[in-house]
Amino acid sequence: MASLSSFFLFCMLSFLIGIAHAQLSSDFYASSCPNAISTIQTAVNSAVAQESRMGASLLRLHFHDCFVLGCDASILLNDTDSFTGEKTAGGNINSVRGYEVIDTIKSQVESLCPGVVSCADIVAVAARDSVVALGGPTWTVQLGRRDSTTASLSTANSDLPPPTSDLSSLINLFSNKGFTTQEMVALSGTHTIGKARCTNFRDRIYNETNINATFATSKQGICPSDGGDDNLSDLDESTNVFDNVYFTNLIEQKGLLHSDQQLYNGGSTDSIVESYSSDSSAFFTDVANAMIKMGNLSPLTGTDGEIRTNCWKVNG
């Protein structure tokens with residue numbers, strides 16, 4: 001009986017250790033690479049100082065990583081003979097940026113602590129530091145993610161919300177990842193920074209009616225009805241600052257993307273937009289909490305995945 005009890009105790013302890021090992025923690029690198037987080041922050045601050053748009057790009061890189069099979073840095077992988085990566089997905093190609101910044105950070109961290117800090121964690125921390133660098137809220141990034149050894153082009157094409165999404169599609173796509181409608185609106189508010197390509201807002205500024213006429217005309221000067229697909233426009237009127245102007249713009253029918261204006265178009269999210277437009281602290285609190293939740297989407301932990309040496313390819 002004693003040996004049986006000892007066996008059950010051993011199994012229970014092993015189970016609990018396994019759970020603990022699989023959990024993310026804010027101090028994951030405190031002993032193994034104590035300067036990792038400050039190194040990432042310094043590099044992000046430098047990149048954003050050189051080009052403020054890079055802050056939005058690094059934030060978007062994290063979002064587009066986490067929404068496809070979880071926060072596992074799969075978005076960084078180049079195509080191989082065994083799989084097609086996610087870089088050429090509809091929502092990523094000619095759009096997602098910042099790969100070279102992540103590569104630079106990875107090189108710096110590898111020189112400090114070889115084989116310790118994952119690319120997935122670098123992407124997560126860089127997203128937070130980018131928001132802070134542009135005047136937005138901070139949050140505690142949970143750490144301990146590991147890197148995937150594969151990627152999924154098909155999942156990237158199916159799970160990333162396109163700029164043509166209607167409100168019901170946005171609610172469903174975010175709900176599929178465990179987010180409430182309010183969290184979806186808060187995360188959409190990260191469009192307070194960054195730019196969009198003409199090809200993604202042309203139909204809105206020429207064909208939609210729920211748009212401020214002066215605003216539409218000004219954007220038509222940037223984005224012709226034919227050609228100029230890669231011409232860029234700010235996503236809101238203070239695109240270099242992380243604030244709540246995005247929501248004020250929506251109330252004024254100045255949402256650049258169709259999916260943006262859907263949040264304020266006589267639907268169920270109008271009241272949330274109005275609340276955030278008048279209370280930036282509420283928006284900051286909610287978006288920070290939603291970012292923590294997004295960072296916890298299906299991470300690889302423990303012995304799953306690997307710690308890539310180069311973020312753009314699997315080891316070996």
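User: How many salt bridges does a search of the whole structure find?

Analyst: A salt bridge is a side-chain nitrogen of Lys or Arg within 4 Å of a carboxyl oxygen of Asp or Glu. Searching the whole structure turns up 12 salt bridges. Some background: this is a predicted model, where local features need pLDDT of at least 70, side-chain atom pairs count only at pLDDT 80 or more, and totals for chains, interfaces and linings use all residues. Residues are numbered from 1 along each chain as its sequence is written, and side-chain values use heavy atoms, leaving out hydrogens and water.

User: Which residue meets Lys106 in a salt bridge?

Analyst: First, the general idea: an α-helix has 3.6 residues a turn, so residues three or four places apart point the same way. Here, Lys106 pairs with Glu110, at 2.9 Å from N to O. Both lie in helix α4, 4 residues apart, or about one turn of the helix. (Helices are DSSP runs of H or I, at least four residues, and strands are runs of E, at least two, numbered from the N terminus.)

User: Is Lys106 buried or exposed?

Analyst: Buried means under 20% relative accessible area, exposed means over 50%, and partly exposed is in between, using a 1.4 Å probe and protein chains only. Lys106 has 2% relative accessibility, so it counts as buried. Glu110, at 14%, counts as buried too.

User: What does α4 pack against, and at what angle?

Analyst: For this you need axes, which are lines fitted to C-alpha atoms, for helices over the stretch in contact; angles run from 0 to 180 degrees between N-to-C directions. Helix α4 (residues 99-112) packs with helix α5 (residues 119-133) at about 115°, with their axes 10 Å apart. On the α4 side, the contact (heavy atoms within 4.5 Å) is made by Ile102, Ile105 and Lys106, and on the α5 side by Cys119, Ile122, Val123 and Ala126.

User: Which residues touch the most other members of the largest nonpolar core?

Analyst: A nonpolar core is a set of buried Ala, Val, Leu, Ile, Met, Phe, Trp, Tyr and Cys residues joined through side-chain atoms within 4.5 Å. The largest one has 71 residues, and Leu76, Ile102 and Leu263 touch the most other members. Its largest share, 9 residues, comes from α5. Leaving aside residues up to four places away in sequence, Leu76 touches Ile102, Cys119 and Val123, among others.

User: Why is helix α8 described as largely enclosed?

Analyst: Count its buried residues: 6 of the 8 in α8 (residues 181-188) are buried, so the rest of the structure largely encloses this helix. They pack against α7 (167-175), α11 (245-251), α13 (270-278) and α14 (280-295). One of the buried residues is Glu183, and Glu183 forms a salt bridge with Lys293, with the closest N and O atoms 2.9 Å apart. Glu183 is in α8 and Lys293 in α14, so the pair ties together parts 110 residues apart in sequence. Lys293 is partly exposed, at 29%.

User: Which residue has a phi near 65°?

Analyst: Most residues other than glycine have a negative phi, and most peptide bonds are trans. Leu69 has that positive value without being a glycine. You'll find Leu69 in the loop between α3 (53-66) and α4, where it counts as partly exposed at 43% relative accessibility. Ser298 is also not a glycine and has a positive phi of about 40°. Ser298 sits in the segment after α14 and is exposed, at 52%.
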